[in-house]
Amino acid sequence: MRQNKRSPWVLIGLVALLTACTSRPTPTLTAVVPTSTPMPVTSPAYKVAAAFLDAWAEGDHKRMYDLSTGEVRAAVPYAEFLRIYEEVIEEATILAVRPTLHAVLEQGMEARAAFGVELETSFVGTFEVENELPLRWEGDRWAVDWSKKCIFAELAEENLVHMVSRPTVRANIYDVEGKGLAVKGDVVTVGVVPGEIEDEPAVLARLSMVLDMPQPEIKAKYEGQPSTWFIPIGSISVEDSHEHYELLSKEPGIRLNQKAVRVYPAPVVAPHIIGFMGSIPAESLDVWQGRGYTGDELIGRVGMEAWGEPYLAGQRGGVLTIITPEGQVMATLARREAVPARSIYLTYERDFQGKVEELLGERKGSVVVMDVNDGRVLALATWPRFDPNRFAEGI
């Protein structure tokens, strides 16, 4: 049998050739379409693009930055890179980012990764956009040739993300005859500017009398605060502010600020039914943001104010756009119309409710009056009671 003898120089040449071919990946033209099963394609560019998008979904901006080219990192400090993303998140009211890699096209020293991204926001709901990531070979790795266009295709270097909010006005709560039980009104916030106080005993005495608050409690609210700040101490009705205007306005250091609030008209009846409003608790902020709130709003905390929140508040809308520095709209990314608020009418009549409360007086217990024909609640009194206006905050 004849043996096939090869020159050792040929073998050495082949080894050298193979070694040279593995020193960097040979640029190829590949289309990679992700599926729910493991991909047979192991394109390095595909892996980098997928890692970048995964980091975006997880909010890992440092990982995204590290996957960018050296040229990008030299031109854009990480603090600036992070600021850009955080400003977009805040302005667009983004709650979640869910990108999906569609395909990668490698060609020579460059590659482009097509992807879609689903964005969940507070003001315009959930919407999707298509975009692409440019990548570049840097000698030993693929890296993302990042720019602001990697966020939104229309977001050129100087352009900005801009949200136009479309808020709603909170609706009212009425009795069966249409008399207001919880309506929009005004209240006067009484406060002090510590640096303007000339006669502290006089300030404390006047505030204590008007606000029915102990002087040590008043002083504790502004003590140690910046001297030029307005420090709120308490609130009074517009009528009370007129009555005490001379007493309060003539004393240096005392300030009065009028603001819109939720008002529960006097005489207040059935406060345990109506409830009151308050700030969103920090522990449930994520839940409320998912419902379209920013977190700064006031919400119904108890009673009908809480139960009827979806009706009384309606739903805020908005238009998310890309604008030039001059304000010209370059693209509209998403829009959602505001859902108007709707008022709530209760089954009891406020005057009759007031009479039942008077009959109960200050005896601990409850009284329920119902219509035997249809089961409607005509009055629901209880003791002790409270004044929901003491919880009033700006709306």
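Tyrosine 293 is buried, with a relative accessible area of 11%; buried here means under 20%, exposed over 50% and partly exposed in between, using a 1.4 Å probe and protein chains only. Tryptophan 288 is buried too, at 12%. Before going on, note that this is a predicted model, in which local features need pLDDT of at least 70 and side-chain atom pairs count only at pLDDT 80 or more, while totals for chains, interfaces and linings use all residues. Residues are numbered from 1 along each chain as its sequence is written, and side-chain values use heavy atoms, with hydrogens and water left out.

Back to that pair. Rings of Phe, Tyr and Trp (its six-membered ring) pair if their centres lie within 6.5 Å, with planes under 30 degrees apart called stacked, over 60 edge-to-face and the rest tilted. By this rule there are 12 aromatic pairs. The rings of tryptophan 288 and tyrosine 293 have centres 5.1 Å apart and planes at 80°, so they sit edge-to-face. Elsewhere, Trp56, Tyr65, Tyr78, Phe81, Tyr85, Phe115 and Trp146 make up one aromatic cluster.

Now zoom out. The chain has 14 helices and 16 strands, taken as DSSP runs numbered from the N terminus (H or I of at least four residues for helices, E of at least two for strands). Of its 395 residues, 40% are buried.

Ala45, Tyr46, Val48, Ala49, Ala51, Phe52, Leu53, Ala55 and Trp56 are its buried residues. They pack against helix 3 (61–66), helix 5 (78–92) and strands 1, 2, 3 and 4, contact meaning heavy atoms within 4.5 Å.

Strand 3 (residues 126–137) meets strand 4 through three antiparallel bridges, and leucine 135 has valine 144 in strand 4 as its bridge partner.

What about the cores? A nonpolar core is a set of buried Ala, Val, Leu, Ile, Met, Phe, Trp, Tyr and Cys residues joined through side-chain atoms within 4.5 Å. The largest has 49 residues, and Phe52, Trp56, Leu133, Leu135, Trp146 and Phe152 touch the most other members. Helix 2 (residues 44–58) contributes the most to this core, with nine residues. Apart from this core lies another of 18 residues, including Leu204, Met213, Tyr222 and Ile233.

Finally, look at serine 208, in helix 6 (residues 200–211). Serine 208 is buried at 18% relative accessible area. Leaving out residues up to four places away in sequence, serine 208 touches Met213, Pro214, Gln215 and Ile218.

Conventions. Two strands pair if DSSP finds at least two bridges between them.
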